[in-house]
Structures are given as structure tokens and as C-alpha cells.
4 protein chains.
Amino acid sequence: MEVRDYELDSEGIVNNANYLHYLEHTRHSFCTANGLSFAEMQAKGLVPVLNKVEIEYKTPLRSGDRFVSKLWLERKGVRFIFHQDIFKSTGELSVTAVVSCVCLENGRLDRGDMLAEVFEDFLS
Amino acid sequence: MEVRDYELDSEGIVNNANYLHYLEHTRHSFCTANGLSFAEMQAKGLVPVLNKVEIEYKTPLRSGDRFVSKLWLERKGVRFIFHQDIFKSTGELSVTAVVSCVCLENGRLDRGDMLAEVFEDFLS
Amino acid sequence: MEVRDYELDSEGIVNNANYLHYLEHTRHSFCTANGLSFAEMQAKGLVPVLNKVEIEYKTPLRSGDRFVSKLWLERKGVRFIFHQDIFKSTGELSVTAVVSCVCLENGRLDRGDMLAEVFEDFLS
Amino acid sequence: MEVRDYELDSEGIVNNANYLHYLEHTRHSFCTANGLSFAEMQAKGLVPVLNKVEIEYKTPLRSGDRFVSKLWLERKGVRFIFHQDIFKSTGELSVTAVVSCVCLENGRLDRGDMLAEVFEDFLS
């Protein structure tokens, strides 16, 4: 991905909240690429919900920077933990984050088996 | 309202797209204050849709600026035209905009009578 | 480009302000691709400033949609007019916009000759 | 503060990144209210930098929700730790966050004494 100038703040670096946008877009792209159908989930009353994000800011991204956004995944009980890193195209680490999601079924906590099935090749 | 620092861009002025956010929030606050129920509209299959925005940028808003966002309303055929101005607390005009909306009923153009009823005291 | 899910609003379509982000990113990419150096401009005290946007919303973009963002350019006195269109990958027109910019030199209106030089191959 | 509709995502709840905007605006308002001059800091080459955010999402905010954003502050070595909570007007906890900042002086880590002086009445 590439920094877009409207994502910068008045110090000329990407605003802290926009990294959460990058991370979300990465997770959604990963899900879509692996055939996870949000429509199918919704039809079954399943909703994935973010419950915790820990993010460390290492090196700010600036105008024109290109970056790579990576993730790996683990399952801990009912939670899916996304380990996400954003690297500048120079190889430098920009942010590192741990993002925890759960799955709700009609408002109640679900075991997440449908998600687990989709992700089985990736779950450690 | 008041400028929030995350709305600034790297030149230290509010990014052009954020004025559309201010204008939208103003319209929604106006609708809510006048008892327009989006839930009731949705139950009838009615959806208000933006079809045109003309916005002129006069004086940029900066960190810490406070501003007043005003509107008046007219009906032209099936369109509702919002005339919107944002003034800095100093009285200076910041942006002036003309925003045109229509109402869809189950995907087809609606005459907008439900909206007109809500807005009747304001329609010129 | 591709719609990112955080750009959607509660109706599941891209929020009206985000199209201005797409249009800005397109202009900046065009400028960069043609060798316009904002650093060089700033060193000369030149600042490009948006003074008017007219945008018509034709077909909303939704989750997963891919789109192409095009522009052409004309000069009218001190103004540079960007004519911008966003097409869905299906070929359908999503938004069409006319964006007017001027160039300030140390806060005063500039004739824009530096910009014109960069853009000369594109100016009609 | 109050939820603005453009902050919602397609599920009708505030998008996860927007809570970071609320938290940032709260910190900046707190600083300004306590006489911290960013201009004065910049003149001395001091830049406050976010280095870590931990945020837990408890109850989503929705259209029309009003909320109160609170913080308290501690100093740990060179870091300033903001403990921040957002409560719905019903009293329910929406998000709870721990935000860690440092102060850079001309790109190098600063002891943060200038910030500490401003915040001294609040530091535990």
C-alpha cells in the first residue's frame, strides 16, 4: 500500500488512527482472499467484533511512503488473535500490533468455528 | 463546532473532505432536531440520497478554530436543496455550499412528501 | 483503486466525503507522476489551494468495488480546473467532479506559471 | 461529545479507528485547557510522539449516542501515560485505553520536563 496525503496530520506524518485503518483493510483483504463471505456470516447471524488492539508506533510513515502490511493468526479460546506488522518498503518496521477479535452469534459470544474453518490453514 | 486536530492536513489547515463531514453532521443534526426519524423512513423503504455538492472554500479553518454551521432549505421538484455556510467565530465565511438531495423509495425516485412534511416550516 | 470497508457508512455505501479523498489522491498521484515537486514549490513559497469543488454522485461504490479515477486539466486565467471522473470497474460512472485550484505565492494569488510548466503537455 | 453519523461503519457502530480520534481530541483539549502551547514547544524543538496505544472495546457507540471522555495521567521515566476511558451518557463503559507518549527534542528522546511542568498538578 501507499500513503495518501489526506492521511497525514499537521506534522506531516500519518495520523495514529489511520494505522488502524491500514490494519483493518489488511484483515478484510486477508479474509476475502481466503473466501470468507461476510454475507454468508451475516445470514447465519454471525458478526466478528474487535475487542482489543495493542499497537506500537516505531517509525512514522510520511508522504509518498510505500509499505507492506503483514499478519499471522492464532486462536486462543474464543478469540482470534491477529499479529500484524507494517514495514516501510525500505524494510524498516513502522508499526506492530496485536488485534483480538471474537465472533458474536445473534449478540452472544460464539465459539468461532465458522471462522476457524476458513482460517484453518493459517492457524498455528 | 470546533476543529479537531486530526482533521488537519500537513499544511495545518482542515482537509477539504472534512468540510463535507461538517456539512453532513449539520444536516443530520437539523433533521434530528426537527423530529425526522431515519428509522421511520427506513421502515417505509425511504432513503435520502445526496446527488450533488457544490462547495467553495473561502478561508481555511485551523487548529483551535471554532465555527458556526448554518443552513436553509428549498424544494425544487423532487430535490431538496440545502444552502449551507460555515462561519468562523470571528464572523469570517469559511465555506459556502449547495447540497442537493433526493429521496429514494425502494430504489426509485420518490416525490419526497414525507421529508417535505417534516421540513414544511423551513421550506421557502 | 479499491473501496476499503472503513470508507463505508451505515448504509453500506462509500460516505460522500471519501470521494473527495479519492479525487485528491488522484490529483496528487498525477502531480507526482509528472514530476511536480511540492518541496520545490514550498521552497519558492508556492502553495496550491483548492477553491471550488462541484461533485455529482451517480452510482454509489460499495464494499469490494474496484474503480478507475481519471482526470483532464484546463487553465482558466489563474485557475487550474481538474475534470475528474470515477468509474466502477464495470464501466459505470460513479462520480463526476470539477475541481478548481489556484496557486498562492506567500499568501497572494500567483499566475501559476510554475504549475503550468509542469502540466503543459496536458493543458488544453 | 456526540457520535457523528460519518463515524459509523456499515454495521451502524462507530468504526474502531475513530475511537483513537476521540482519544486524541481529548488529550489535545486537556493540554490546551492546561495552557500547554504546542507553538512554544515547537519553538524549542520539542515534539510529543505517541509510542503505544492499548485499547479495549467494551460497548460500541451508535448513531446519536452522547459520551464523556475522561483521562488521568502518570509519568514513567521518559514516558507520559494517559489512562483514558469513554463512557456512554448512560454510564456504560464504551472503551478503555492506555496511551503512552514520549517527547522528542530535535529528533532525540527528551526527559519531558517541559510537559511535566505543565502537567504537574495532574501527575500521580
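What rotation, and what shift along its axis, superposes chain A on chain D? The rotation is 180°, the shift is 0.0 Å, and the RMSD is 0.0 Å. Please keep in mind throughout that this is a predicted model. In chain A, the C-alpha nearest that axis belongs to Glu54(A), at 2.2 Å. The two chains also use the same surface for each other, since 93% of the contact residues of chain A recur in chain D.

Now the contact itself. Chain A puts in 14 residues and chain D puts in 14 residues. On the chain A side, the elements that give two or more residues are α1, residues 16-33, and β1, residues 46-57. β1(A) gives the most, with nine residues. By type, that side of chain A divides into seven nonpolar, three polar and four charged residues.

The strands pair across this contact. β1(A) and β1(D), the latter also residues 46-57, run antiparallel and are joined by five bridges. Glu54 comes up again here: Glu54(A) has Glu54(D) as its bridge partner in β1(D).

Next, the single chain, with chain A as the example. How many helices and strands does chain A have? There are three helices and five strands. In sequence order the pattern is α-α-β-β-β-β-β-α. The C-alpha trace of chain A spans about 45 × 25 × 25 Å along its principal axes. Of its 124 residues, 32% count as buried. If you take contacts in chain A between residues at least 6 apart in sequence, 64% of them join residues at least 24 apart.

The helix to look at is α1(A). With 18 residues, α1(A) reaches 27 Å from first C-alpha to last, close to the expected 26 Å. Its buried residues include Asn16(A), Tyr19(A), Leu20(A), Leu23(A) and Arg27(A). What do the buried residues of α1(A) pack against? Within chain A, they pack against β1, β2, β3 and β4, and from chain D, against α1 and β1. After the helix comes Gly35(A), with a positive phi near 80°.

Chain B gives a matching account. The 18 residues of α1(B) should span 26 Å at 1.5 Å a residue, and the end C-alpha atoms are 27 Å apart, which agrees. Among the buried residues of α1(B) are Ala17(B), Tyr19(B), His21(B), Leu23(B) and Thr26(B). The cover over them includes β1, β2, β3 and β4 of chain B, and also α1 and β1 of chain C. Just after α1(B), Gly35(B) has a positive phi of about 80°.

While we are on chain B, look at the hairpin. β2(B), residues 67-76, runs antiparallel to β3(B), and ten bridges join the two. Lys76(B) stands opposite Arg79(B). Two residues lie between the strands, and Gly77(B) in the turn has a positive phi of about 60°.

On to the cores. As a general point, nonpolar side chains in soluble globular proteins tend to be buried together. Which residues have the most contacts inside the largest nonpolar core? They are Tyr19(B) and Tyr19(C), in a core of 49 residues. The elements that give two or more residues to this core are α1, β1, β3 and β4 of chain B, together with α1, β1, β3 and β4 of chain C. Leaving aside neighbours within four places in sequence, Tyr19(B) is in contact with Val14(B), Ile55(B), Ile86(B) and Val95(B). There is a second, separate core of 47 residues, which includes Val3(A), Leu23(A), Val53(A) and Phe80(A).

Last, chains B and D. Chain B superposes on chain D by a rotation of 180° with 0.0 Å of shift along the axis, at an RMSD of 0.0 Å. The two copies are therefore related as by a two-fold rotation axis. Met1(B) comes closest to this axis among the residues of chain B, with its C-alpha at 5.4 Å. Seven residues of chain B are in contact with seven residues of chain D. On the chain B side these divide into one nonpolar, three polar and three charged. Since 100% of the interface residues of chain B are also interface residues in chain D, the copies meet through the same surface.

That is what I have; I will take questions.

Terms used: Residues are numbered from 1 along each chain as its sequence is written. Chains are lettered from A and ligands numbered from 1 in the order in which they are written. This is a predicted model: local features need pLDDT of at least 70, side-chain atom pairs count only at pLDDT 80 or more; totals for chains, interfaces and linings use all residues. Helices (H or I, at least four residues) and strands (E, at least two) are DSSP runs, numbered from the N terminus. Ala, Val, Leu, Ile, Met, Phe, Trp, Tyr, Cys and Pro count as nonpolar, Asp, Glu, Lys and Arg as charged, and the others, Gly among them, as polar. Two strands pair if DSSP finds at least two bridges between them. The expected span of a helix is 1.5 Å times one less than its number of residues. A residue is buried if 20 or more other C-beta atoms lie within 10 Å of its own, exposed if 12 or fewer, and partly exposed in between; C-beta atoms are placed from the backbone. A nonpolar core is a set of buried Ala, Val, Leu, Ile, Met, Phe, Trp, Tyr and Cys residues joined through C-beta atoms within 7 Å. Copies are superposed by least squares on the C-alpha atoms of residues with pLDDT of at least 70 in both.
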